[in-house]
Amino acid sequence: MAKIIVVTSGKGGVGKTTTSASIGTGLALRGYKTVIIDFDVGLRNLDLIMGCERRVVYDFVNVIQGDATLAQTLIKDKRLENLYVLAASQTRDKDALTTEGVERVISELAETFDFVICDSPAGIEKGAHLAMYFADEAIVVTNPEVSSVRDSDRMLGLLASKSRRAELGLEPIKEHLLLTRYSPDRVIKGEMLGVEDVEEILSIRLLGVVPESKSVLKASNQGVPVILDEESDAGQAYSDAVDRLLGKDVEHRFLDVKRQGLLQRIFGGRE
Amino acid sequence: MLAITVLELEHNDLERLDLQLAAKVERAPQFFSNTPLVLALDKLPADEAELDLASLMMLCYKHGLCTLALRAKLKTHIDAAARLNLPVLPPSGTPARKITLTEEVAAPERPAEPIQRPTRIISHPVRGGQQVYTQGDLIVLAPVSPGAELLADGNIHVYAPLRGRALAGAKGNINAHIFCRQLAAEMLSIAGRYKVAEDLRRSPVWGEAAHISLSGDMLNINRL
């Protein structure tokens with residue numbers, strides 16, 4: 001039986017798809033058979049971030065409506081043999097998703113995969129609701145910024161009350177906080193919320209802190225999940241986060257301001 | 001209506017009564033076996049009113065008659081009955097007072113008990129967008145996020161930071177109070193009298209443990 005993890009946030013543009021791609025890739029790298037599902041019907045981008053947009057034939061809605069089987073729809077990643085992508089439809093909208101259809105697809109995937117990552121769209125409407133409804137664990141992606149924290153708090157409330165686990169009175173969804181676009185020197189200056197501030201406001205366990213990094217934009221445009229860029233700080237942070245998700249105790253790097261030596265400043269420049 | 005035997009005394013000669021009762025028992029022995037009795041003394045002529053009540057009762061008991069109560073009107077008889085813990089019934093002729101059982105039971109007057117509404121205790125964080133309503137008191141043991149609403153007919157206690165809204169005394173109870181460990185609320189209200197964060201922030205207690213109550217029409221914010 002697979003573990004179903006939803007990557008959600010409430011707020012848009014905080015890094016859900018980036019995180020889904022990297023966490024999914026990271027799990028596959030560690031040997032787990034993983035599928036990432038794009039729930040953003042009508043505004044799909046998981047396939048772009050994963051670099052498989054040219055191989056999309058059928059999509060999630062096709063499978064729900066019975067036009068295609070899962071085997072025909074799943075896109076195998078070219079870099080890793082354990083990794084698959086279920087793309088969203090670009091021509092339909094969220095109304096094409098039904099609870100029964102989603103349940104059927106996720107159950108079928110859960111039989112053969114170790115991890116099912118659900119990439120949630122922004123907001124709290126149907127698409128986001130269906131993405132988190134069947135989840136066992138949730139990664140709440142938050143920027144250290146007031147509106148993102150407020151929306152994540154709302155999403156946490158919904159995870160605790162409107163998921164299937166909540167409705168059936170089962171053990172609640174395990175919640176993790178992933179802080180993205182973190183800039184330690186801005187925190188010191190007092191311009192940005194720090195890790196402790198966000199933890200205090202949201203009261204959930206910290207999965208990881210991903211620093212603001214130019215490598216993320218580069219990776220998106222190249223269609224390579226940033227975790228595969230081993231030299232980038234963001235990639236390494238995602239790698240640490242995957243280890244923590246699997247239960248390992250990893251110290252948080254990237255929380256303090258990097259002190260650059262004189263030579264580094266002359267020749268290296270800021271990464 | 002209870003069917004009960006009444007023995008109306010016409011004279012106070014106990015020895016004569018003994019003989020009379022013995023004769024009666026002989027005629028109907030089953031009748032006189034632990035039979036409950038009301039001893040009526042109110043028909044006694046005035047010059048024969050004096051008698052030893054205790055002896056009279058013993059006599060009746062000897063013949064299988066158990067005195068339940070006394071029917072009397074003279075004070076001496078009533079006092080004697082009181083000394084023996086014997087209930088006294090009013091003399092015959094008084095219109096029967098219908099006594100319902102419940103009245104007897106409720107003899108000690110109890111003041112009306114206030115309706116007890118249970119206290120609701122919440123130990124998980126109350127997130128933005130969630131609304132909690134309870135009829136009694138509300139106790140929250142975890143942080144209340146901005147955008148969350150707590151409503152209670154009674155008091156509200158938040159043993160953690162209160163960053164959302166708290167409305168106590170929701171049905172008009174002006175004696176409701178709000179307590180919190182860290183005052184950072186968006187809005188506080190007691191029985192409809194409210195203050196928003198804009199005003200609350202000016203209080204010296206902002207950000208600290210606070211106790212809010214209503215005095216007149218004004219919210220009183222005190223350090224806890």
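Which residues of chain B are linked in a network of salt bridges? I shall answer that first. The network consists of B:E8, B:D42, B:K43 and B:R71, where a salt bridge is a side-chain nitrogen of Lys or Arg within 4 Å of a carboxyl oxygen of Asp or Glu.

Before going further, a word on the basis of this talk. This is a predicted model, in which local features need pLDDT of at least 70 and side-chain atom pairs count only at pLDDT 80 or more, while totals for chains, interfaces and linings use all residues. Residues are numbered from 1 along each chain as its sequence is written, chains are lettered from A and ligands numbered from 1 in the order in which they are written, and side-chain values use heavy atoms, with hydrogens and water left out.

I turn to chain B as a whole. It has five helices and 15 strands; helices (H or I, at least four residues) and strands (E, at least two) are DSSP runs, numbered from the N terminus. Of its 224 residues, 40% are buried, buried meaning under 20% relative accessible area, exposed over 50%, and partly exposed in between, with a 1.4 Å probe and protein chains only.

An open sheet in chain B holds four strands in the order β1-β2-β3-β4, with parallel pairing; two strands pair if DSSP finds at least two bridges between them. Strands β1 (5–8) and β4 (88–89) of chain B each have a single partner strand, so one side of each is left without a neighbour in the sheet. Between β2 (residues 35–40) and β3 (residues 65–71) of chain B there are six bridges, and B:L39 stands opposite B:L70 in β3.

Next, the salt bridge between B:D153 and B:K171, at 3.3 Å from N to O. B:D153 is buried at 11% relative accessibility, whereas B:K171 is exposed at 63%.

In chain A, the side chains of A:E137 and A:K3 form a salt bridge of 3.0 Å, N to O. It links strand β6 (residues 137–142) to strand β1 (residues 3–8) of chain A, across 134 residues of sequence. A:E137 is buried at 4% relative accessible area, and A:K3 is partly exposed at 37%.

What of the aromatic residues? Over all chains there are four aromatic pairs: rings of Phe, Tyr and Trp (its six-membered ring) pair if their centres lie within 6.5 Å, planes under 30 degrees apart counting as stacked, over 60 as edge-to-face and the rest as tilted. The rings of A:F39 and A:F60 have centres 5.2 Å apart and planes at 85 degrees, so this pair is edge-to-face. Both A:F39 and A:F60 have a relative accessibility of 0%.

Finally, the interface. Here 11 residues of chain B are in contact with 12 residues of chain A, contact meaning heavy atoms within 4.5 Å. The buried area is about 850 Å², with carbon and sulfur atoms giving 39%; this is the accessible area (1.4 Å probe) that two parts lose on being put together, summed over both. On the chain B side, B:R127, B:P146 and B:R163 lose the most area to chain A, together 53% of what that side buries. Three salt bridges cross the interface, and A:D153 and B:R127 meet in a salt bridge of 3.1 Å, N to O.
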